[in-house]
Amino acid sequence: MKRESFKSRLGFILVSAGCAIGIGNVWRFPYVVGENGGGLFVILYLVFLIAMGLPVLTMELAVGRASRKSAVLGYKALEKPGSKWHLHGWAAIFGCYMLMMYYTTVSGWMTTYFYKFLTGEFQAGMDAEAAGAVFSNLLADPLQMSFWMILTVILGFFVCSRGLQNGLEKITKVMMIALLAIMVVLAIVILAVHSFTLSGAGEGVRFYLIPNMETVREVGIGNVVSAAMNQAFFTLSLGVAAMEIFGSYMGKECTLAGESINILILDTFVALMAGLIIIPACFAFNVEPGAGPGLVFITLPNVFNQMAGGRLWGALFFLFMSFAALSTVIAVFENILSFAMDLWGWKRNKAVLFNIVLLIILSMPAILGFGPWSGIQILGEGTNIMDLEDFIISNNILPLGSVIFVIFCASKNGWGWDNFIKEANTGKGIKFPT
C-alpha cells in the first residue's frame with residue numbers, strides 16, 4: 001500500500017502544531033503554572049522546551065520520515081536485526097490510548113462550555129462561586145459528560161476516516177488558522193488588555209513572569225523542575241510517537257530541525273498567551289491560580305461576564321479551545337489508526353469503527369471517577385481516576401518514551417547517531433548540530 005503524504009508543507013506544520021497545541025496549552029499549562037509558583041516555572045519550561053523538547057521532537061520526526069511507518073514497524077525498519085527497540089512502539093501506542101482516555105473528556109468540557117455560552121447559561125455579573133457551580137454540576141452529571149465525550153470521539157474519527165489530505169490536513173488547517181486568529185484577538189485586543197486594567201491583575205502578571213523563590217519554596221524546587229520538564233513533553237505530545245507518525249508522511253524537502261522549530265514556536269506562543277489571559281484574571285477575581293484542572297472553567301467565565309459582548313466572546317473562545325483540543329484528538333487518533341493499518345493491514349474504515357467503540361469504553365473511567373467511582377483515589381485523598389491517568393502519562397510514559405527515542409537515535413546499538421543526523425539534515429533549512 002502506497003504511503004499517504006501531506007499535500008503541502010503548511011499542512012504538515014499546522015497538523016503537527018495542532019497535535020502539540022491543545023488542552024496542554026490552554027487547559028493544563030495555566031493551572032500547572034499556578035501550582036508551581038509562577039515565573040520560575042515558566043522560565044524552566046522554556047528551557048526544557050529548547051534543550052529537551054526540540055531535540056526529541058526532531059528525533060521522533062526523523063524516525064518517522066526514515067522508516068515511512070508507524071511506531072512498531074518504524075522501529076523494526078531501522079533497528080538492527082534481533083534487537084527489541086520496537087517494544088517501545090507498543091508502549092507508545094498504549095500511551096496514545098492512555099492519553100485519549102481522559103483527553104476526550106476534557107475536550108468534551110471545552111465543547112460543553114462553548115454550548116453553554118452560546119445558549120446564555122452564563123449571565124452577566126455571575127460571580128466566581130456561581131461559575132464554579134456550573135462546572136461542579138457538569139462533573140456531577142456523568143450522562144452530560146458522556147454525551148460530549150462521545151461526540152468528541154465520533155467527530156475525531158470522522159475527520160480521520162476521510163484520509164490524511166482530505167480529512168486530517170484539510171480540517172486541521174482551517175481549525176488552526178482560526179484558533180491562532182482568535183487567540184491573537186482575545187489575548188492582545190480584549191482579554192489581556194481587560195485583565196491588565198482590573199484591580200490585582202498587575203500582581204498576577206508579576207507572578208506569571210517574574211521568578212519568586214518564596215512562591216517556589218512552598219512547592220519545592222525539585223517539584224517545580226519536574227513539573228516544568230513534564231509539561232514540556234506533554235505540550236509537544238512527545239514520547240508516544242504522536243509526532244513520529246507525521247514524520248512518516250513528510251517529504252525530504254526540508255530539514256527536520258527547522259520544521260521542529262516552527263512547531264515549537266506556534267505551540268509556545270499559544271501556551272504563553274493562554275497564561276497571559278488566565279493568570280492575571282485569577283488575581284483580579286481572587287481565584288487561586290493553582291486551583292487545578294477546573295481553573296479555566298471557573299476563571300474565564302468571570303472575565304467574559306465583565307465584558308461588553310461577553311457572551312459572544314466567551315462562545316468564540318471556547319469554540320476555538322474546542323478546535324485546539326480536537327486538533328490534538330484527531331492527530332493522536334491518526335497515530336492509532338495508522339498503527340492498526342500498518343501492523344494488521346486493516347482498511348481505514350475498519351480501524352475507525354473498531355476504535356470508536358474502544359475509545360468510548362476506555363474513556364468512561366475518567367468520567368465515572370467524578371461520580372460513582374470517586375472513591376478510587378490511588379494517588380491520595382482528593383485525587384481521582386483522571387489524575388491517575390494524567391500522572392501515568394505526564395510523569396512516566398511521555399518523559400521515559402522521549403528518553404528511549406533519544407537513546408535509539410544516538411546509540412550505536414540503536415539506529416545510530418550518523419543515521420539520525422543524515423536524516424535530520426536532509427533538505428533545506430536549519431541543520432541539527434552534530
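Analyst: On a 1 Å grid laid over the protein atoms alone, a cavity is a set of points where a 1.4 Å probe fits but cannot get out, whereas a pocket is an open set with protein on both sides within 12 Å along at least five of seven lines, and a residue counts as lining when one of its atoms is within 4 Å of a point. Grid points are joined across faces, edges and corners, and a volume is the space filled by probe spheres set on those points. This is a predicted model, in which local features need pLDDT of at least 70 and side-chain atom pairs count only at pLDDT 80 or more, while totals for chains, interfaces and linings use all residues. Residues are numbered from 1 along each chain as its sequence is written, and side-chain values use heavy atoms, with hydrogens and water left out.

User: How many cavities of 30 Å³ or more does the structure hold, and what volume has the largest cavity?

Analyst: The structure holds 1 cavity of 30 Å³ or more, and the volume of the largest cavity is about 50 Å³. Its lining consists of C19, A20, G24, L99, Y103, F234, T235, S237, T328 and L398. Two or more of the lining residues come from each of the elements α1 (9–20), α5 (87–118) and α11; helices are DSSP runs of H or I with at least four residues, strands are runs of E with at least two, and both are numbered from the N terminus.

User: How does the largest pocket divide in the same terms, and which residues lie nearest its centre?

Analyst: The lining of the largest pocket holds 9 nonpolar, 5 polar and 4 charged residues. It comprises 18 residues, with R28, V32, E35, D390 and N395 lying nearest the centre, and the pocket has a volume of about 420 Å³. The helices α2 (23–35), α11 (221–235) and α17 (385–410) each supply at least two residues of this lining.

User: Why is S237 called buried, and what is its phi?

Analyst: Buried means under 20% relative accessible area, exposed over 50% and partly exposed in between (1.4 Å probe, protein chains only); S237 has a relative accessible area of 5%, so it is buried. Its phi is near 55°, a positive value in a residue other than glycine, and S237 lies in the loop between α11 and α12 (244–247). A241 is found in that loop between α11 and α12 as well, with a positive phi of about 65° although it is not a glycine, and at 1% relative accessibility A241 counts as buried.

User: Why are the buried residues of α18 said to line one face of the helix?

Analyst: The buried residues of α18 (residues 417–424) are F420, I421, E423 and A424. Seen down the axis, they fall within an arc of 165°, so they line one face of the helix, the arc being that of the directions from the helix axis to the C-beta atoms. On the other side of α18, D418 and K422 are exposed, while the cover over the buried residues includes α3 (39–67), α13 and α17.

Methods
Ala, Val, Leu, Ile, Met, Phe, Trp, Tyr, Cys and Pro count as nonpolar, Asp, Glu, Lys and Arg as charged, and the others, Gly among them, as polar. Contact means heavy atoms within 4.5 Å.
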